[in-house]
Amino acid sequence: MSEDVSEEPKPRRRQARGERRIAQLLQAAANVFCAYGYTATSTNAIAREASVSPGTLYQYFPNKEAIAIELGERLLHEMREAHGQAFTPANLTLPLPDLLDVVVDPMITFNCEHPVFLALMHGSEVPGRIAEEHDALHASLLTSVRDVIAHFAPELSPEERARIADMTFAIFKGGMGLVLAAPEGAERDATVAELKTVLLRYLSPLVDESVTTPPSR
(Lines give C-alpha, C1' and ligand atoms only; values in the text may rest on other atoms or scores of the structure.)
Protein backbone atom coordinates (compact mmCIF):
# COMPACT_ATOMS: atom_id res chain seq x y z
CA MET A 1 0.00 0.00 0.00
CA SER A 2 1.49 3.33 -1.01
CA GLU A 3 1.77 6.14 1.52
CA ASP A 4 -0.33 9.24 1.03
CA VAL A 5 2.08 12.19 1.26
CA SER A 6 -0.17 14.74 -0.42
CA GLU A 7 -0.81 16.59 2.85
CA GLU A 8 2.83 16.86 3.95
CA PRO A 9 3.98 19.91 1.95
CA LYS A 10 1.10 22.11 3.12
CA PRO A 11 2.52 23.05 6.53
CA ARG A 12 5.84 23.88 4.91
CA ARG A 13 4.10 26.07 2.33
CA ARG A 14 2.16 27.84 5.05
CA GLN A 15 5.36 28.36 7.02
CA ALA A 16 7.15 29.77 3.95
CA ARG A 17 4.25 32.16 3.29
CA GLY A 18 4.33 33.22 6.92
CA GLU A 19 8.06 33.94 6.79
CA ARG A 20 7.63 36.00 3.63
CA ARG A 21 4.83 37.99 5.26
CA ILE A 22 6.94 38.59 8.38
CA ALA A 23 9.84 39.76 6.22
CA GLN A 24 7.46 42.09 4.34
CA LEU A 25 6.17 43.57 7.60
CA LEU A 26 9.65 44.00 9.05
CA GLN A 27 10.87 45.79 5.91
CA ALA A 28 7.83 48.06 6.03
CA ALA A 29 8.52 48.77 9.71
CA ALA A 30 12.14 49.58 8.90
CA ASN A 31 11.03 52.07 6.25
CA VAL A 32 8.57 53.80 8.57
CA PHE A 33 10.93 53.83 11.56
CA CYS A 34 13.55 55.49 9.34
CA ALA A 35 11.09 58.08 8.10
CA TYR A 36 9.33 58.99 11.35
CA GLY A 37 11.24 57.39 14.23
CA TYR A 38 10.05 54.69 16.58
CA THR A 39 7.89 56.90 18.80
CA ALA A 40 5.87 58.50 15.99
CA THR A 41 5.32 55.22 14.14
CA SER A 42 2.00 53.38 14.45
CA THR A 43 1.02 49.86 13.50
CA ASN A 44 -1.45 51.35 11.02
CA ALA A 45 1.40 53.18 9.29
CA ILE A 46 3.40 49.95 9.10
CA ALA A 47 0.40 48.10 7.68
CA ARG A 48 -0.09 50.81 5.03
CA GLU A 49 3.59 50.64 4.08
CA ALA A 50 3.33 46.87 3.75
CA SER A 51 0.08 47.17 1.74
CA VAL A 52 -1.79 44.91 4.16
CA SER A 53 -4.70 45.45 6.52
CA PRO A 54 -4.07 46.09 10.24
CA GLY A 55 -5.82 42.78 10.88
CA THR A 56 -3.22 40.95 8.79
CA LEU A 57 -0.42 42.65 10.72
CA TYR A 58 -1.95 41.60 14.04
CA GLN A 59 -1.93 37.98 12.90
CA TYR A 60 1.88 38.13 13.18
CA PHE A 61 2.63 40.85 15.73
CA PRO A 62 0.48 41.96 18.69
CA ASN A 63 1.84 45.53 18.74
CA LYS A 64 4.54 47.93 17.55
CA GLU A 65 6.89 46.90 20.33
CA ALA A 66 6.86 43.27 19.18
CA ILE A 67 7.71 44.38 15.64
CA ALA A 68 10.59 46.53 16.90
CA ILE A 69 11.94 43.69 19.04
CA GLU A 70 11.90 41.21 16.16
CA LEU A 71 13.49 43.72 13.78
CA GLY A 72 16.05 44.80 16.38
CA GLU A 73 17.07 41.25 17.21
CA ARG A 74 17.63 40.44 13.55
CA LEU A 75 19.68 43.59 13.07
CA LEU A 76 21.74 42.95 16.19
CA HIS A 77 22.46 39.41 15.00
CA GLU A 78 23.77 40.75 11.70
CA MET A 79 25.80 43.41 13.49
CA ARG A 80 27.40 40.75 15.71
CA GLU A 81 28.36 38.83 12.57
CA ALA A 82 29.93 41.96 11.07
CA HIS A 83 31.72 42.54 14.38
CA GLY A 84 33.06 38.99 14.33
CA GLN A 85 34.37 39.37 10.78
CA ALA A 86 36.13 42.62 11.61
CA PHE A 87 37.90 41.93 14.90
CA THR A 88 39.87 38.73 14.32
CA PRO A 89 43.37 37.78 15.55
CA ALA A 90 44.56 37.65 11.94
CA ASN A 91 43.42 41.22 11.32
CA LEU A 92 45.46 42.44 14.29
CA THR A 93 48.62 41.54 12.38
CA LEU A 94 47.78 44.04 9.62
CA PRO A 95 49.28 47.53 9.38
CA LEU A 96 46.99 50.17 10.83
CA PRO A 97 45.64 51.50 7.48
CA ASP A 98 44.72 47.96 6.37
CA LEU A 99 43.26 47.17 9.77
CA LEU A 100 41.02 50.21 9.48
CA ASP A 101 39.80 48.95 6.11
CA VAL A 102 38.82 45.49 7.37
CA VAL A 103 37.23 46.83 10.56
CA VAL A 104 35.44 49.91 9.25
CA ASP A 105 34.19 48.55 5.91
CA PRO A 106 31.88 45.82 7.31
CA MET A 107 30.42 48.27 9.82
CA ILE A 108 29.79 50.89 7.14
CA THR A 109 28.28 48.31 4.78
CA PHE A 110 25.94 47.10 7.52
CA ASN A 111 24.76 50.60 8.44
CA CYS A 112 24.29 51.63 4.80
CA GLU A 113 22.24 48.50 4.11
CA HIS A 114 20.24 48.94 7.33
CA PRO A 115 19.83 52.67 8.05
CA VAL A 116 17.02 51.76 10.44
CA PHE A 117 19.64 50.41 12.86
CA LEU A 118 20.64 53.88 14.08
CA ALA A 119 17.06 55.16 13.99
CA LEU A 120 15.81 52.25 16.08
CA MET A 121 18.70 51.70 18.46
CA HIS A 122 19.09 55.34 19.42
CA GLY A 123 15.44 56.26 19.79
CA SER A 124 14.33 57.62 23.14
CA GLU A 125 11.54 55.08 23.61
CA VAL A 126 12.85 51.87 22.04
CA PRO A 127 11.81 48.69 23.88
CA GLY A 128 13.99 47.98 26.90
CA ARG A 129 14.92 44.51 25.67
CA ILE A 130 16.42 45.94 22.49
CA ALA A 131 18.18 48.72 24.38
CA GLU A 132 19.78 46.16 26.70
CA GLU A 133 20.99 43.99 23.83
CA HIS A 134 22.32 47.04 22.01
CA ASP A 135 24.17 48.17 25.13
CA ALA A 136 25.74 44.72 25.43
CA LEU A 137 26.87 44.83 21.79
CA HIS A 138 28.20 48.37 22.27
CA ALA A 139 30.25 47.20 25.27
CA SER A 140 31.58 44.28 23.24
CA LEU A 141 32.63 46.59 20.39
CA LEU A 142 34.40 48.91 22.82
CA THR A 143 36.24 45.93 24.31
CA SER A 144 37.41 44.94 20.83
CA VAL A 145 38.61 48.48 20.12
CA ARG A 146 40.49 48.52 23.43
CA ASP A 147 42.12 45.21 22.47
CA VAL A 148 43.29 46.74 19.17
CA ILE A 149 44.74 49.73 21.01
CA ALA A 150 46.47 47.43 23.50
CA HIS A 151 48.00 45.51 20.60
CA PHE A 152 49.52 48.64 19.06
CA ALA A 153 50.33 50.41 22.33
CA PRO A 154 50.75 47.85 25.13
CA GLU A 155 52.44 50.43 27.35
CA LEU A 156 49.20 52.39 27.81
CA SER A 157 47.28 52.01 31.05
CA PRO A 158 43.78 50.46 31.01
CA GLU A 159 42.35 53.92 31.67
CA GLU A 160 44.18 55.40 28.69
CA ARG A 161 43.07 52.55 26.43
CA ALA A 162 39.47 53.01 27.54
CA ARG A 163 39.62 56.76 26.90
CA ILE A 164 41.09 56.33 23.42
CA ALA A 165 38.57 53.58 22.59
CA ASP A 166 35.68 55.82 23.65
CA MET A 167 36.99 58.66 21.50
CA THR A 168 37.59 56.35 18.52
CA PHE A 169 34.06 55.01 18.75
CA ALA A 170 32.62 58.52 19.05
CA ILE A 171 34.53 59.60 15.94
CA PHE A 172 33.18 56.60 14.04
CA LYS A 173 29.58 57.22 15.14
CA GLY A 174 29.77 60.89 14.19
CA GLY A 175 31.30 60.09 10.82
CA MET A 176 28.74 57.33 10.23
CA GLY A 177 25.96 59.91 10.36
CA LEU A 178 27.69 61.89 7.62
CA VAL A 179 28.23 58.74 5.55
CA LEU A 180 24.53 57.84 5.71
CA ALA A 181 23.55 61.40 4.80
CA ALA A 182 25.84 61.47 1.75
CA PRO A 183 24.33 60.45 -1.63
CA GLU A 184 25.30 56.97 -2.74
CA GLY A 185 28.20 56.79 -5.14
CA ALA A 186 31.23 59.03 -5.36
CA GLU A 187 30.10 61.42 -2.61
CA ARG A 188 29.53 58.61 -0.11
CA ASP A 189 32.82 56.97 -1.05
CA ALA A 190 34.62 60.26 -0.47
CA THR A 191 32.94 60.66 2.92
CA VAL A 192 33.99 57.15 3.92
CA ALA A 193 37.57 57.93 2.90
CA GLU A 194 37.49 61.10 5.03
CA LEU A 195 36.22 59.14 8.03
CA LYS A 196 39.03 56.62 7.67
CA THR A 197 41.56 59.43 7.33
CA VAL A 198 40.34 61.03 10.55
CA LEU A 199 40.57 57.70 12.38
CA LEU A 200 44.00 57.02 10.94
CA ARG A 201 45.40 60.41 11.96
CA TYR A 202 43.96 60.03 15.45
CA LEU A 203 45.28 56.50 15.98
CA SER A 204 48.58 56.65 14.07
CA PRO A 205 50.60 58.00 17.05
CA LEU A 206 49.90 54.67 18.76
CA VAL A 207 52.06 52.73 16.33
CA ASP A 208 55.85 52.79 16.34
CA GLU A 209 56.26 53.79 12.72
CA SER A 210 54.86 56.99 11.26
CA VAL A 211 51.71 56.28 9.27
CA THR A 212 51.11 58.74 6.49
CA THR A 213 49.32 56.72 3.77
CA PRO A 214 45.52 57.14 3.94
CA PRO A 215 43.54 53.89 4.03
CA SER A 216 41.89 52.78 0.81
CA ARG A 217 38.14 52.74 0.27
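Student: Which element gives the largest share of the lining of the largest pocket?

Tutor: In this predicted model, helix α1 gives the largest share of that lining, with six residues.

Student: And which elements give two or more residues to the lining of the largest pocket?

Tutor: Those elements are α1, spanning 9-40, and α4, spanning 64-86.

Student: How many residues line the largest pocket, and which lie nearest its centre?

Tutor: The lining of the largest pocket consists of 14 residues. Nearest the centre are Q27, A30, L71, L75 and H114.

Student: What is the volume of the largest pocket, and how do its lining residues divide by class?

Tutor: The volume of the largest pocket is about 240 Å³. Its lining divides into eight nonpolar, three polar and three charged residues.

Student: Let us turn to the overall fold. How many helices and strands does the protein have?

Tutor: There are nine helices and zero strands. Read from the N terminus, the order of elements is therefore α-α-α-α-α-α-α-α-α.

Student: What share of the residues is buried?

Tutor: Of the 217 residues in the protein, 41% are buried.

Student: What share of the contacts with a separation of 6 or more comes from residues 24 or more positions apart?

Tutor: Such residues account for 66% of those contacts.

Student: What about M79: where does M79 lie, and is M79 buried or exposed?

Tutor: M79 lies in helix α4. The relative accessible area of M79 is 5%, under the 20% cut-off, so M79 counts as buried.

Student: Which residues does M79 touch, again without those up to four places away in sequence?

Tutor: M79 touches M107, F110, N111, F117 and L137.

Student: Next, cavities. How many of 30 Å³ or more does the structure hold?

Tutor: The structure holds one cavity of 30 Å³ or more. The largest cavity has a volume of about 490 Å³. It is lined by 29 residues, and those closest to its centre are F87, V103, V145, F169 and F172.

Student: Which helix gives the most to the lining of the largest cavity?

Tutor: Helix α7 gives the most, with eight residues. At least two residues of the lining come from each of α5, α6, α7, α8 and α9.

Student: How does the lining of the largest cavity divide by class?

Tutor: That lining has 23 nonpolar, five polar and one charged residues.

Student: Where is V192, and is V192 buried or exposed?

Tutor: V192 is in helix α9. V192 counts as buried because its relative accessibility is 0%. V192 and G175 are 17 residues apart in sequence and 8.0 Å apart in space, C-alpha to C-alpha.

Student: And A181: buried or exposed?

Tutor: A181, in helix α8, is exposed, with a relative accessible area of 62%. A181 and T191 are 10 residues apart in sequence and 9.6 Å apart in space, C-alpha to C-alpha.

Student: One last residue. What is the phi of S51, and where does S51 lie?

Tutor: S51 has a positive phi of about 60°, although it is not a glycine. S51 lies in the loop between α2 and α3 (54-60), and S51 is exposed, with a relative accessible area of 67%.

Key. Residues are numbered from 1 along each chain as its sequence is written. This is a predicted model: local features need pLDDT of at least 70, side-chain atom pairs count only at pLDDT 80 or more; totals for chains, interfaces and linings use all residues. Side-chain values use heavy atoms; hydrogens and water are left out. On a 1 Å grid over the protein atoms alone, a cavity is a set of points where a 1.4 Å probe fits but cannot get out, and a pocket is an open set with protein on both sides within 12 Å along at least five of seven lines; lining residues have an atom within 4 Å of a point. Grid points are joined across faces, edges and corners, and a volume is the space filled by probe spheres set on the points. Helices (H or I, at least four residues) and strands (E, at least two) are DSSP runs, numbered from the N terminus. Ala, Val, Leu, Ile, Met, Phe, Trp, Tyr, Cys and Pro count as nonpolar, Asp, Glu, Lys and Arg as charged, and the others, Gly among them, as polar. Buried means under 20% relative accessible area, exposed over 50%, partly exposed in between (1.4 Å probe, protein chains only). Contact means heavy atoms within 4.5 Å.
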